[in-house]
Amino acid sequence: MAAFPELLVSLSPTEIAATVVALLVIYFGASTFYIAFLGPLAQFPGPGLAKFSKIWGFFQAMTLRKTMAVHKMHKQMGPVVRVGPNHLSISAPEIIPRLYSYKPFLKDPGFYTALNAGKAEGHLVSQTDPTQHAKRRKLIATLLTRGAIKSYEGDLLHPKILQAILPFQEANGEVMDVLPALRALTVDAAGELTFGKSFGVLDSPGFKHVVIDALAVVSEAVPIVQFLPWLNILPRWLITSTPSFKPVAMLEQISSDAWTVEKALPDPSEAGRTVLSRLAFLLKNDEPKYRDNVATSEALTMIVGGSETTTMAMVAALNQLSMVPADQARIREEVMEFIPESVTLDDYLKSGPPSFQSLQQLPFLSAFTKEVLRFYPPVPGLLPRVVGPDGLTVRNKFIPPGTVIAMQSYTIHRDPEVFPEPDVFKPSRWMNKSEIELKAMDARFIAFSIGVRACVGQEFAMAQIFIFVALWCRFYEITPAPGSDNGIEDNGVTVHCKHDKLLFNIRPATVA
Ligand code: HEM
């Protein structure tokens, strides 16, 4: 028999190439077979395609039904289901506090670095390194505490919310689209928080603005980049020069211009009133290119993360209210305590608008808002983490280190043990409950996630939602527009309006 080197020399280049290809096919075939059927995740049920490839998840995300598909799988197959070759979805609520603490479950780089948009340093949402994350979070979080939000109410929140709802003042039963106004409100509010200056969407005719177009492109691109992360290493100019990415390039330019102005200011302070001014302080000793990349991507994250999520909570609230006029009346009745009959929209600001804190004391408004976020979470999908070196045992089954595991708020919010009749929208489930019952429900309420990576903008979002819903119900009545479909779809992570419209018949509220 010929020795291996002699055999190799005797083969033609074509034969060598064919042998290499055959060996690679055997290697990848065998390892795929092992991972799918023999590896440690083979014990978990899931769709056949998900055992072999991430294509299953991508297909579900692109056809806008991933969250529902995962939810149905949990109902049929149990608390741990396989959603990818190395990916599990978990619906066992006892795992929540452990999964969303730092250690030993870090954010999955495969999912989050795809959100970096070509910038290696990442941002608050995508940063997977705990030390880097903690440094930035500490500074930005102090801008978004309860106390800080209070200081934004008078000159930021109330005027912007009023400006968003004023155009509907003339309506007398006609059908109008509310979505552009909601987007204008949340984008301008996030802009002001970040840059100290809004984008001016609320002042633009029809609320049309390049920033709104940019956010739509980003939302569509997210599932694609997560499936094909190598797209991120393409040169930036190649991506931003394609016509559909032009709005994103313009948004990046706005952010970069604002940063150029900010970093030129002398003496950045830890107590700055905007995200950019805080970053100028935090990054003042860093290398210029790193500094510029971090500041601009952090600014964009506040806009992207803070706007459509809040918009979609308001969309859900209005959709729900339009179906139940009695709920509108109940909120109106509560709000009349702070905005009595004598106050008109024109003198709302002068009349001493109700604080977010005082609106939170209104029992039905509070219960309604909480139920909106339980029933229609704006971030309903899987938020993946990597299992640390000790592995994890869930309901007596061991999950090995390195596995990507995730939970989805949509499913956790429908746990029948603590939310009886989970598929019924019922604000009363949050009212007149004992402390123990409320604690149990709160432990499963993860619309903003929990722990060190929970939403940093939660209070800012809640203040907008509370004030908006209170003001809207106080002055308007809505009913579903005949023949229109205000349905909501999800891309596996976030939600959006199916037809990019939110149509209602709107009329002035009748106050008793
Ligand atoms: C109803 C509105 C909102 C919802 C439902 C929401 C939900 C969430 C969720 C679930 C996370 C965790 C994401 C993960 O683990 O990957 C998150 C993180 C985050 N959110 Fe929000 N969010 C909302 C509004 C906002 C607003 C208004 C801002 C900014 C002004 C914001 C900025 C962020 C940031 C920067 C993070 C990353 C935090 C970190 O990792 O330290 N969000 N949000």
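The residues of the shell around the ligand are 15 nonpolar, 7 polar and 2 charged. Keep in mind that this is a predicted model.

Let me stay with the ligand. The shell has 24 residues. The closest to the ligand are G306, T309, C455, G457 and A461. Next, the elements they belong to. Those that give two or more residues to the shell are α10, residues 179-195, α15, residues 288-323, and α21, residues 458-475. Which element gives the largest share of the shell? That is α15, with 7 residues.

Now to α21 again, this time for its packing with another helix. Helix α16, residues 325-335, packs with α21 at an angle of about 100 degrees, and the two axes are 8 Å apart. Angles of 65 to 115 degrees count as roughly perpendicular, so α16 is roughly perpendicular to α21. On the α16 side of the contact are Q328, I331, R332 and V335; they meet V469, A470, C473 and R474 in α21. By type, the residues of this contact are 5 nonpolar, 1 polar and 2 charged.

Last, a sheet. It is open, has 3 strands in the order β4-β12-β9, and its pairing is antiparallel. Which strands are at the edges? They are β4, residues 175-177, and β9, residues 476-480, and each pairs on one side only. On average, neighbouring strands of this sheet are turned by 50 degrees against each other, direction ignored. Between β9 and β12, residues 503-508, there are 5 bridges, and these two strands run antiparallel. As for P480, its bridge partner in β12 is F504.

Terms used: Residues numbered from 1 in each chain as written. Predicted model: local features only at pLDDT ≥ 70, side-chain atom pairs only at ≥ 80, totals over all residues. Near = placed C-beta within 6 Å. Helix = DSSP H or I, 4+ residues; strand = E, 2+ residues; numbered from the N terminus. Nonpolar A, V, L, I, M, F, W, Y, C, P; charged D, E, K, R; others polar. Pairing = 2+ DSSP bridges. Axes fitted to C-alpha atoms, helices over the stretch in contact; angles between N-to-C directions. Parallel < 35°, antiparallel > 145°, perpendicular 65-115°, else oblique. Contact = placed C-beta atoms within 7 Å.
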